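Work through the exercises below with the sequence and the structure open beside you. Try each task before reading its solution.

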Amino acid sequence: MGKTKILDTGWKNYLRNLNKLKNSSVEIGFFGNDSTPKGESITEYAAYNEYGTKNIPSRPFMMITHNQKLNANRKMINKGMDSILYGRTNANTLVNKIGLANVGFIQGTITTLRTPPNKASTIKAKGGKPNPLINTGTMRKAVTYEVKNV
């Protein structure tokens, strides 16, 4: 009787990548001690704009981005899982791709968000720039991501 040879066509690698993804996460936002040119914490500045304060209206650029890009993220994950299945990528590459894409999504929202608008006095103080979330661009540049447990 002949011997049976079992060929692993990538199943073990797929399972290994699934196991890595099971406990991994991608966090997108503001981390560390970055500050504005005036020395203000960018993390705090972003939170003031996201949630609003007594003097700053809420401009929820993070939540808007999350809601607008939910389907794009689902498609990216599904396509990534197919790529892992067929051996074209791995867990680490997939989560980094998701992180990088979402940084771009948030930066895009910061760039295009126009409501609620700045007061006329704020626009004048910003040299005529009407974008409520951009003055120097420091906050937009500070958006980043962190991958956990891959």
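What follows is a set of exercises, each with a solution in steps.

Before starting, note that this is a predicted model, in which local features need pLDDT of at least 70 and side-chain atom pairs count only at pLDDT 80 or more, while totals for chains, interfaces and linings use all residues. Residues are numbered from 1 along each chain as its sequence is written, and side-chain values use heavy atoms, with hydrogens and water left out.

**Exercise 1. A pair of helices**

Find how the axes of helix α1 and helix α3 are placed, and state which residues meet.

Solution. Begin with the elements themselves: helices (H or I, at least four residues) and strands (E, at least two) are DSSP runs, numbered from the N terminus. Helix α1 covers residues 11–22 and helix α3 covers residues 61–85, and their axes come within 9 Å and cross at roughly 145 degrees. Here the axes are lines fitted to C-alpha atoms, for helices over the stretch in contact, and angles run from 0 to 180 degrees between N-to-C directions. Next, look for contact, which means heavy atoms within 4.5 Å: from α1, Trp11, Tyr14, Asn17, Leu18 and Leu21 meet Met81, Ile84 and Leu85 of α3. Finally, sort the residues of this contact of α1 with α3, which gives 7 nonpolar, 1 polar and no charged; the nonpolar class holds Ala, Val, Leu, Ile, Met, Phe, Trp, Tyr, Cys and Pro, the charged class Asp, Glu, Lys and Arg, and the others, Gly among them, count as polar.

**Exercise 2. The largest pocket**

Describe the volume and the lining of the largest pocket.

Solution. First settle the terms: on a 1 Å grid over the protein atoms alone, a pocket is an open set of points where a 1.4 Å probe fits, with protein on both sides within 12 Å along at least five of seven lines, and lining residues have an atom within 4 Å of a point. Grid points are joined across faces, edges and corners, and a volume is the space filled by probe spheres set on the points. The largest pocket then holds about 740 Å³ of space. Its lining consists of 29 residues, and those nearest its centre are Tyr45, Thr122, Lys126, Pro132 and Asn135. Two or more lining residues come from each of α2 (42–51), α5 (120–125) and α6 (138–142), with α2 giving the largest share, 5 residues. By class, the lining of the largest pocket has 12 nonpolar, 10 polar and 7 charged residues.

**Exercise 3. The second largest pocket**

Which element gives the most residues to the lining of the second largest pocket?

Solution. Start from the volume of the second largest pocket, which is about 420 Å³. This pocket is lined by 19 residues, and Val26, Ile28, Asn73, Ile98 and Asn102 are the closest to its centre. At least two residues each are supplied by β1 (25–29), α3 and α4 (91–112), and the answer is α3, with 9 residues. The lining of the second largest pocket divides into 11 nonpolar, 6 polar and 2 charged residues.

**Exercise 4. A salt bridge and a cis bond**

Which side chains meet in a salt bridge, and which residues does a cis peptide bond join?

Solution. A salt bridge is a side-chain nitrogen of Lys or Arg within 4 Å of a carboxyl oxygen of Asp or Glu, and by this rule the count comes to 1. The partners are Lys148 and Glu146, at 3.3 Å from N to O. Lys148 is partly exposed at 30% relative accessibility, and Glu146 is partly exposed at 28%. Turning to the backbone, a cis peptide bond joins Thr115 and Pro116, with omega about -10 degrees, and Pro116 is placed in the loop between α4 and α5.

Notes: Buried < 20%, exposed > 50% of the residue type's maximum accessible area, 1.4 Å probe, protein only.
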